[in-house]
Amino acid sequence: VSAIPLSANQCWNSLRSLYASRGVEAWNRHLPFHITSNPHIADSYAQVVTRFAQDLHRAGKLVPEEPLYVLELGAGPGKFAFHFLRRIGELRSSLNPGPPSVRYVMTDVSESNAAHWLDHPRLQPYLDDGSLFAALLDVQGEGLVRLAPLDRPGLQLETFANPLVVIANYVLDSLPQDAFRVSGSTIWQGLTSGDMGSATFGWVEEPAGRNPYGDADLDAVLVEQAGAVADGSFLFPLGALRGLRRILKAATGGMLLLAGDLDVSGLDTMPGLPELPASDGSDFFYFPVDLSLVGRFLARLGAPVVRHYPSLSLGLLAVATGSQPDELAETIHACDVFLGRNGPQWFGAAGRAIEETGAASLDHWLSAAAALCFDPYFLEATIAAVRAWAQPESLSPRRRERLAETLERIRAEVYWIPGSPDSYFTLAMLYQEMDCLDPALVCYRDSLAVTGPSADTFFNMGLCERGRGRPEEALGWMARAVDLDPQHVLARGWIAQIALESDPGSSPG
Ligand SMILES: C[S@@+](CC[C@H](N)C(=O)[O-])C[C@H]1O[C@@H](n2cnc3c(N)ncnc32)[C@H](O)[C@@H]1O
């Protein structure tokens with residue numbers, strides 16, 4: 001078999017098929033997603049989108065009575081979309097002018113991911129009120145961008161009255177790339193021989209020629225990159241560039257792109273061609289993306305870079321068409337504050353620092369929880385300390401009220417997917433320890449709804465009902481605990497105890 005460019009290798013089709021077949025199970029301990037799917041980053045993006053809408057409004061480029069469409073590429077588990085919709089809703093009701101009404105279009109190549117969104121209880125209100133659409137979209141597709149909405153027809157990018165907001169988190173790194181090595185004035189293309197997983201899978205080099213792609217824009221950026229590298233290797237994100245160009249063309253009314261990805265643009269040049277994925281097709285892989293190269297390519301197409309914050313864990317790129325730089329003053333400022341200064345790098349560092357050293361007091365913890373936008377993962381990571389503070393004997397009424405308010409805000413941010421911690425259960429236990437039995441029961445019910453029947457949950461619900469002075473209900477839950485786990489000694493003990501309490505004349509049995 002002759003050697004072919006990396007972007008043409010079968011490995012990318014295998015990857016796409018893997019995403020399609022695994023669906024949301026891909027995030028069950030396989031792929032990291034917290035950094036791009038938390039309430040804080042969703043707040044950052046929503047702030048930038050809001051300021052973009054305000055800039056458009058000032059420049060007379062917004063039709064306020066028409067919706068602003070937000071198109072998310074490779075939306076995966078759907079958690080980012082959920083947090084974004086919550087944040088943009090809050091901003092809409094608290095700012096004047098707020099953003100116009102948003103229609104959020106979640107897309108992915110994987111039908112099973114989309115089936116998960118349509119089924120997810122947290123997304124139902126948005127699907128029902130028409131602010132959320134689910135559609136299939138292959139970023140690597142050819143020709144016109146056609147959304148395939150799953151729940152209702154009639155979504156055509158060309159008909160949108162306002163500029164389109166495009167969000168691409170950790171998706172460009174799953175699209176085909178090529179690899180080149182530069183030595184003196186010669187550009188060598190890395191060609192792959194063999195199939196992924198086989199012993200012969202490896203690199204062969206060949207001079208790249210003057211116009212490797214036969215495409216003026218792609219070739220120009222390639223040659224420019226080779227000039228900048230001088231001696232070393234680089235990856236060329238062909239799939240990302242072609243995909244974004246297609247979307248840019250479809251967004252005839254203008255576009256703001258917010259892309260977050262594993263970004264190599266701030267790193268030293270690689271000496272040799274990169275390692276090929278060791279997977280035989282049964283495991284995920286990704287190649288980091290050079291977001292500054294993506295930015296240069298889009299700038300050539302008339303979509304200049306607004307801001308770029310490189311980082312290998314999550315670089316961020318904002319690009320906009322249809323506006324002059326001086327019309328984007330608020331957008332630029334919001335990028336600097338929410339993506340740069342207080343962006344995901346701050347979120348990661350602050351969260352880690354508190355998890356490692358612990359919050360000094362409950363008051364500190366409450367402030368940190370608010371600054372991290374009530375992220376349920378923060379509660380999970382600090383639960384031992386919070387449980388100690390939550391004990392009724394050490395909690396003043398004022399602090400108890402503040403803690404309960406914060407827990408309520410955290411509960412509103414829980415978006416459960418298989419394999420993630422059951423934060424409903426964690427919240428329920430805390431409420432129960434604080435003697436807040438009504439919200440504890442609500443959270444236990446939420447936990448049952450997502451993780452299914454559990455003897456411990458039934459048992460705890462029984463204790464809550466006993467605490468609320470409802471022995472019949474308490475016995476009902478205890479009986480369900482024993483049905484599910486006949487060895488549940490505590491539940492058996494409490495059945496006898498509650499029976500005795502309700503009828504002191506009876507003998508314990
Ligand atoms: C690494 S995951 C990122 C998911 C999510 N955006 C996040 O930040 O966690 C990559 C996502 O892109 C999707 N994907 C892969 N290839 C794609 C393509 N060609 N077009 C659209 N989506 C694609 C996958 O199904 C998956 O949901």
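## Basis of the analysis

A cavity is a set of points, on a 1 Å grid over the protein atoms alone, where a 1.4 Å probe fits but cannot get out; a pocket is an open set with protein on both sides within 12 Å along at least five of seven lines, and lining residues have an atom within 4 Å of a point. The structure is a predicted model, in which local features need pLDDT of at least 70 and side-chain atom pairs count only at pLDDT 80 or more, while totals for chains, interfaces and linings use all residues. Residues are numbered from 1 along each chain as its sequence is written, and side-chain values use heavy atoms, with hydrogens and water left out.

Two cavities of 30 Å³ or more are counted, a volume being the space filled by probe spheres set on grid points that are joined across faces, edges and corners. The largest cavity has a volume of about 60 Å³. Its lining consists of K79, P376, Y377, E413, V414, Y415, S420, P421 and S423.

The second largest cavity holds about 30 Å³ of space. L157, F160, N162, P163, L164, A250, A251, T252, G253 and G254 line this second cavity.

## The largest pocket

The largest pocket has a volume of about 500 Å³. Of the 33 residues that line this pocket, Y19, G74, Y170, V171 and S174 lie nearest its centre. Helix 1 (11-22) and helix 3 (79-94) are the elements that give two or more residues to the lining; helices here are DSSP runs (H or I, at least four residues), numbered from the N terminus. Helix 1 contributes the most, with four residues.

The ligand is surrounded by 21 residues, the closest being T36, G74, D108, D138 and V139; a residue counts as near if one of its heavy atoms lies within 4 Å.

A ligand nitrogen atom is 2.8 Å from a polar backbone atom of G74, and a backbone N or O atom of N169 lies 2.8 Å from a nitrogen atom of the ligand. An oxygen atom of the ligand is 2.6 Å from an N or O atom in the side chain of D108. The protein covers 98% of the 590 Å² of accessible area that the ligand has on its own, with areas taken from the Shrake-Rupley method with a 1.4 Å probe.

Terms used. Polar contact = N/O pair within 3.5 Å; in protein donor to acceptor, adjacent residues only side chain to side chain.
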